[in-house]
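Please go through the sheet and one of the pockets with me, using the structure shown here.

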Amino acid sequence: MSTISANWSYPNAFKLGRGRITELADACKSLGMKKPLLVTDRGLASMAITKTALDILEDAGLGRAIFADVDPNPNEKNLDAGVKAFKDGGHDGVVAFGGGSGLDLGKCIAFMAGQTRPVWDFEDIGDWWTRASVEGIAPIVAVPTTAGTGSEVGRASVITNSATHVKKIIFHPKFLPGVVIADPELTVGMPKIITAGTGMDAFAHCLEAYSSPFYHPMSAGIAMEGMRLVKEFLPRAYREGTDLEARTNMMSAAAMGAVAFQKGLGAIHALSHPIGAVYNTHHGMTNAVVMPAVLSFNRKAIEDKIARAAAYLGISGGFDGFYDYVLKLRAELGVPDSLSAMGIAPDRIDELSAMAIEDPSAGGNPVPMTLENTKALFHDCF
């Protein structure tokens, strides 16, 4: 039985431990909420953990309001509907509840409730975030129910443009939730495939942040330890879903990955974002599928760095040993070995490649991404 419990203030108030969902109402009140809107995805809307969260809010006199019209890859239509529900209900804060989709959309609803400009005006480009009206941004409590995206410690949301099928990163410092409730008991019911996909998302965040050429040694250190936690605890969480020690450590690894990728991401995400937008695939699982091809693509630029990581992780054989470990981990978690095995045909490589090199993550890749080498990289993924 897990006994891990901690209170952190890095980068926000982070309350980690089993049973801590009972602190949800106090977290809301600490941010001044009197009538929060719980935002989650359709799959979670009717589940017991969501009912428990709503019961806690209602019993504390904070009402019982839920918005769950959230797609797996949330778009501006979901966002508009959520903002309308927020305003129509007279809400004053958001409980972002769920995996990446619920967390990202919940954060964006809290942000857009106070804006008059379209959401695309706040894309993570230059100083576009300064366009926002700060006064109307509602407070956020984040309650992750998966261990992968790390959106609970992030200053951005990923929103898909439903017309262009392009994922956009919407950024503002106040996207960062005021309080996080990270209760591993909420993740126990995750299907194995979601445990695997979200866990590999956390690993991808740590790996890409560590590999990024940008200078940020604090993030690099966090990324290294995040990879170690995934290596030790993801297989355990996958094999035995009720292993609360493993679940708790994976929640830590997920948050660490998202903190670390302030240093940068790379081709894994630059490829998976357009694939997810066009084919609606699971983001973390897509990351896992393209990961070996991207490692090979970047080898010349990261070989020594990956060898150091391998040594820290107790993996022999330097870069090759690390690469083989990734293949073994994917097989152990039931990850498809190619995009073809995911059911995707290679008939849109030109389109996907053009989208990938424009993705914000592309700029953090150790090897510069061009249209031609990205096409070749996509071929390798098939």
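What follows is a short exchange about this predicted model.

Student: Which strands are at the edges of the open sheet of seven strands?
Tutor: The strand order is β1-β2-β9-β6-β5-β3-β4, and the pairing is mixed. An edge strand pairs on one side only. That applies to β1 (5-9) and β4 (66-67).

Student: In β5, what is the bridge partner of valine 39?
Tutor: Strand β3 covers residues 36-39 and β5 covers residues 93-98. The two run parallel and are joined by four bridges. In β5, the partner of valine 39 is alanine 96.

Student: At about what angle to β3 does helix α3 run?
Tutor: Helix α3 is formed by residues 48-59 and lies across β3, β4 and β5. Its direction relative to β3 is given by an angle of about 175°.

Student: Which element gives the most to the lining of the second largest pocket?
Tutor: This pocket has a volume of about 170 Å³. The elements that give two or more residues to its lining are α9 (267-279), α12 (349-358) and β8 (166-171). With three residues, the element that gives the most is β8.

Student: How many residues in the lining of the second largest pocket are charged?
Tutor: Among the lining residues are Glu123, Asp124, Lys167, Lys168, Glu358 and Asp359. The lining also includes His273, Ile125 and Met355. Five lining residues are nonpolar and one is polar, while the number that are charged is six.

Key: Residues numbered from 1 in each chain as written. Predicted model: local features only at pLDDT ≥ 70, side-chain atom pairs only at ≥ 80, totals over all residues. Heavy atoms only, no water. Pairing = 2+ DSSP bridges. Contact = heavy atoms within 4.5 Å. Axes fitted to C-alpha atoms, helices over the stretch in contact; angles between N-to-C directions. 1 Å grid on protein atoms, 1.4 Å probe; cavity = no way out; pocket = protein on both sides within 12 Å on 5 of 7 lines; lining within 4 Å. Points joined across faces, edges and corners; volume = space filled by probe spheres on them. Nonpolar A, V, L, I, M, F, W, Y, C, P; charged D, E, K, R; others polar.
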